Amino acid sequence: MYAIVDFMGYQFKIEKDVTIKVPFMANLEVGNEVKIENILMIHDEENVCFGTPVIETASATAEIVKHGREKKIIVFKKKRRKGYRKTQGHRQDFTEIKIKELNY
């Protein structure tokens, strides 16, 4: 059984006991629980249920596993024949959550 959820402005595919990376949640600590209520679609073995736009009776519970930063990406800008070159790096913050249960 899996579900498609709308969480913090992004859509994720979730299953029970699976960890996913979501945008950084600064106000929550490791070990706290998060309730996900915007379930867009649920697929179990034989049935598929779509929401309009969400399924009102469905919800999911997740636990925060850790906070971290992604691997660094390099941003390089250049304008040819002008002598302009600029190199920057960026590391995106994330929160890793583990789906504990999926209620339908």
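Where is the place of Thr61? Thr61 turns up in strand E7, with strands (E, at least two residues) taken as DSSP runs and numbered from the N terminus. The model here is a predicted one, so to speak: local features need pLDDT of at least 70, side-chain atom pairs count only at pLDDT 80 or more, and totals for chains, interfaces and linings use all residues. Residues are numbered from 1 along each chain as its sequence is written, and side-chain values use heavy atoms, with hydrogens and water left out.

Back to Thr61, then. Its relative accessibility is 12%, so Thr61 counts as buried; buried means under 20% relative accessible area, exposed means over 50%, and partly exposed is in between, using a 1.4 Å probe and protein chains only. Leaving aside residues up to four places away in sequence, Thr61 touches Glu33, Val34, Lys98, Ile99, Lys100 and Glu101, where a contact is a case of heavy atoms within 4.5 Å.

Strand E7 also has a partner: E7 and E10 pair in the antiparallel sense, over ten bridges. Two strands pair if DSSP finds at least two bridges between them. One of the residues involved is Ser59, whose bridge partner in E10 is Asn103. Strand E10 (residues 93-103) is also joined to strand E3 (residues 19-23), again antiparallel, by five bridges. Here Pro23 has Phe94 as its bridge partner in E10.

Phe94 comes up again with a charge: Lys21 lies over the face of Phe94, at 4.5 Å from the ring centre. For a charge to sit over a ring, NZ of Lys or CZ of Arg has to be within 6 Å of the ring centre and within 35 degrees of the ring normal. Lys79 does this too, with its charged end over the ring of Tyr84, 5.5 Å from the centre.

What about rings meeting rings? Rings of Phe, Tyr and Trp (its six-membered ring) pair if their centres lie within 6.5 Å; planes under 30 degrees apart are stacked, over 60 edge-to-face, and the rest tilted. The count comes to one aromatic pair. That pair is Tyr10 and Phe12, which is tilted, with 6.5 Å centre to centre and 50 degrees between the planes. Tyr10 counts as partly exposed because its relative accessibility is 48%, whereas Phe12, at 15%, counts as buried.

Finally, there is a loop to look at. Thr52 lies between strand E6 (48-50) and strand E7 (59-69), and its relative accessibility is 75%, so Thr52 counts as exposed. The C-alpha atoms of Thr52 and Asp93 are separated by 32 Å, and the two residues are 41 apart along the chain.

Methods:
Helix = DSSP H or I, 4+ residues; strand = E, 2+ residues; numbered from the N terminus.
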